[in-house]
Amino acid sequence: MRNSVLACGLSLSVFAGGVGLESRAQAQELACGGTYAVVLGDTLQNITDRVYGPDETYQKLYKANRAVVGPNPSLIEVGMVLNLPCPDDSAATASAAPATTPAQPQASGTAQTSGAVLFPQTDRPIRILTGTDWAPFQNQDQEQGGMITEIVAEGMRSAGGPESYKIDFINDYAAHLDTLIADGAYDLSFAWFRPNCDAPDRLSEDSRLRCTSLAWSDPLFEQIIGYFMRADDPNKPTVHSDLFGRTLCRPRGFDTFMMEDENLVEPNITLVRPISTIDCFELLLTGEVDAVVLASSVADDAISRLEAAGQIEDQPQLATIATMHAVTTINNPNAEQQLGVLNEGIRQLRENGKWFEIVQRHLVAHARNTAALRN
């Protein structure tokens, strides 16, 4: 038997000799304050659903077990023993019933195919838009256009059929939302981080607008947002507020909601916004900024290109998790149906294991490419 790797939203692993694991999971008591050994079919989210209820996200469970799970919450292994912390305001032992997946509502003017999929009756494919140069997620020069591109394409093929969609690469990300989606030239765009729309008072006007003006797909993937500092900086933060009074860098056009959620906004900090990720790290190395805020995979690429691995360190105590989605404008009359097709396709990929295969293949290839750059 070899260890299985499981994804946050996935009920699949590569496993040999796993007979009896389902009954073993049922035999374990799932209660806050205890521990739980991961078995075949587990995900951080479905463990969270069973312990805390379906309204909670897996982020609390991940933060309590980061040392065990590692830097990528999308992957857990069979046999890992997880702590199940109780909520701060309650030490009582409780177990929640497993969550059930609600059926997709049937909307008027749609045809029912492939189970619960909603597919708009239209004489043209769903027009989908993405950008490039964001390896391993979206990259026109990469296999299948990158990991998220392949997930979206496979999901659309699975739920809607091979003729149901068309994906184009346009690298002006700002134009995606402000023009191409808003004006109806395209139906969907991916991949976008979703702000914490449950706490609008913490968000900038731009982030709040995204909450109110966009319709969001189910998560396509989860990404670690890291804080990177010089290795020789003597003032390493333990909490986000330790960065107050300092200068942070995040490239122009990149969302800032993850910083807004931690009150890392001016005048609490000084925000520098150059054009590229490389620019941010060059400013960090010269001491012109104190920290760079970026998705970990993007940061790893930039650090490797600058050959600065020993000079820059991640600050895992500050890391946050952001979910990546496809979006459309709420003014799109087919928004519910089009997102329904994609959501159904993603659900099918997770159930049949294709989602995991795509993610693993791209992450392994990306890790090899990054290592080659370092060497």
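Two residues are in contact when they have heavy atoms within 4.5 Å of each other. Take L248: leaving out residues up to four places away in sequence, L248 touches Y227, L243, M259, L264, I269, T270, L271, V272, A291 and V293.

Before going on, a word on what you're looking at. This is a predicted model, where local features need pLDDT of at least 70 and side-chain atom pairs count only at pLDDT 80 or more, while totals for chains, interfaces and linings use all residues. Residues are numbered from 1 along each chain as its sequence is written, and side-chain values use heavy atoms, with hydrogens and water left out.

L248 also turns up in the largest nonpolar core, which has 62 residues. Such a core is a set of buried Ala, Val, Leu, Ile, Met, Phe, Trp, Tyr and Cys residues joined through side-chain atoms within 4.5 Å; buried means under 20% relative accessible area (1.4 Å probe, protein chains only). Helix α5 gives the most to this core, with seven residues. (Helices are DSSP runs of H or I, at least four residues, numbered from the N terminus.) There's also a second, separate core of 21 residues, including C32, V38, I47 and Y62.

Now follow α5 (residues 147-160) to α11 (residues 335-352): they pack at about 100°, with axes 7 Å apart. Axes are lines fitted to C-alpha atoms over the stretch in contact, and angles run from 0 to 180 degrees between N-to-C directions. The two helices are therefore roughly perpendicular, a label for 65 to 115 degrees.

Finally, look at α2 (residues 44-52): eight of its nine residues are buried, so α2 is largely enclosed by the rest of the structure. Among the buried ones are I47 and Y52. Just after α2, G53 takes a positive phi of about 105°.

Definitions and conventions. Buried < 20%, exposed > 50% of the residue type's maximum accessible area, 1.4 Å probe, protein only. Parallel < 35°, antiparallel > 145°, perpendicular 65-115°, else oblique.
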